[in-house]
Amino acid sequence: MARAVLADAARVAHWADAALRPGRESGSPDGKGTLSTATAERAAADLGLTPDQVRHDWDTARLAGLVEVHGDSARPGWRLRAWHRDDSAVLRGWVAFFDAWSIAYPEPEDREPAAVAEVVSAMPQVLSFLQLSAGPVPVEQLLDLLDQRVTELRTERCEVPYGPQPEAGPEPSTEDTPLAPLLDWSLRALASVGALTYGDAQATLTPLGSWAVWVKLEQICVAAQSPAGNIEVSAEDMLRGCAQLRPNAARAEYRAWLAARPVGGAVTELINAARGEDALIRGLAFEALRVVGAPAEPDVRTVCDETPLRPYALLWLAEHDGADPEDAHEVLTREESTWLWVDTAAAVADHGEAPLLVRHLESAVQPTVPALLAEVRAVGHPRTVQVLVALAAAHPDPALAKAVRRAAFQVHTGGS
């Protein structure tokens, strides 16, 4: 259903991706992400549509994230790139379109803007009622519910001014605005995005609309399950708060934190946290990005050229592409594996216990400790000295500890 609703938008977006790439003739941009007249006419001729249809489908593509506008230019969104292979990308695109229903369908021009805003704010409760009803609901019943919810909203924001107030003329009031035409507009708008059917004085959620409302309710419930405070804080503070949690509890916390913010901003925050000096936070940030899934893929790919993040990003991408987590390390070179070993050892040294650091030796790809020490020195990780010193202090074998200390001294002094 989501593919069917967005099919025309995807068609125009794919056309733009192929026809308007840099270096090819295109219409002039206007800085707002809308198509110029020349481009709309060109697309209409190529696709057998009218220019108005092209503009409508282009606007839908923008609302669904199939096209992303940056300054005075537009580029294909990750959802368009994943359109043919990832159903979750299609569903996320439709949910974005569903969230923008009040923009997708023009609002009545002769209505008080404040009244329109009240109705938009009240519609989630109307949709929840439709979902619970699991069948057709008379518009008259929905109008009663809308009236109750709008009255509640007006009561909640009511403020009584203190002190004497200057006399003023009457202010425009939204209370006299009839809600029936606005409910009619809302139901038509939601029908236009595929969330419900509307006719014969009744409305019914489509299976897609019912699923979307369920997802929204689930997000609210997930966010409510967050341990106190973590949902409100930055990505780094949230990850730090998860450091002592068991994996399943930490993943639940990641989901709660992600449910409370837009996915794009959350991914950016997590990657910025991974760029910090704390190796533990770096590892946890990529665990949280695993919970994000496909929407994080473009951002993860962009950090593959950053040495500290490259091993984490390559493992993430391998698992995302279907590799078994136990075999994903095979995508790393020997140098990348060694860098990751040092980075993980740094996290253990900073936040773990000595026995754990000793056991970390067993995870090295090198068959012997001398080979490990030689390659650790060669990769040039900035925490090499601290890791080797901590390992020497923790290891119970005096001879091995002495060799590790010698290697730490040589890295520190630049000797051989």
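**A tour of the predicted model**

Buried residues, meaning those under 20% relative accessible area, make up 42% of the 416 residues in the protein. Exposed means over 50%, and partly exposed lies in between (1.4 Å probe, protein chains only). This is a predicted model: local features need pLDDT of at least 70, side-chain atom pairs count only at pLDDT 80 or more, and totals for chains, interfaces and linings use all residues. Residues are numbered from 1 along each chain as its sequence is written, and side-chain values use heavy atoms, with hydrogens and water left out.

Start with a cartoon view. The protein has 21 helices and five strands; these are DSSP runs numbered from the N terminus, helices being H or I of at least four residues and strands E of at least two.

**The β4–β5 loop**

Select D200, in the loop between β4 (196-199) and β5 (202-205). D200 has a phi near 55°, a positive value in a residue other than glycine, and is exposed at 74% relative accessibility. A201 lies in the loop between β4 and β5. A201 is not a glycine, yet has a positive phi of about 60°; its relative accessible area is 56%, so A201 is exposed.

**Salt bridges**

The structure holds 20 salt bridges (a side-chain nitrogen of Lys or Arg within 4 Å of a carboxyl oxygen of Asp or Glu).

Select E306 and R275, which form a salt bridge with the closest N and O atoms 2.8 Å apart. E306 lies in the loop between α15 (297-302) and α16, and R275 in the loop between α13 (263-274) and α14 (279-292), so the pair ties together parts that are 31 residues apart in sequence. E306 is partly exposed at 25% relative accessibility, and R275 is partly exposed at 41%.

Next, select R290. The side chain of R290 meets that of E287 in a salt bridge (3.3 Å, N to O); both residues lie in helix α14, three residues apart, about one turn of the helix. R290 also meets E319 in a salt bridge (2.8 Å, N to O). E319 is in helix α16 and R290 in helix α14, so this pair ties together parts that are 29 residues apart in sequence.

Then select R85, E297 and R301, which are linked in a network of salt bridges.

**A last stop on the surface**

Select E326, in the loop between α16 (310-320) and α17 (334-351). E326 is exposed, with a relative accessible area of 65%.
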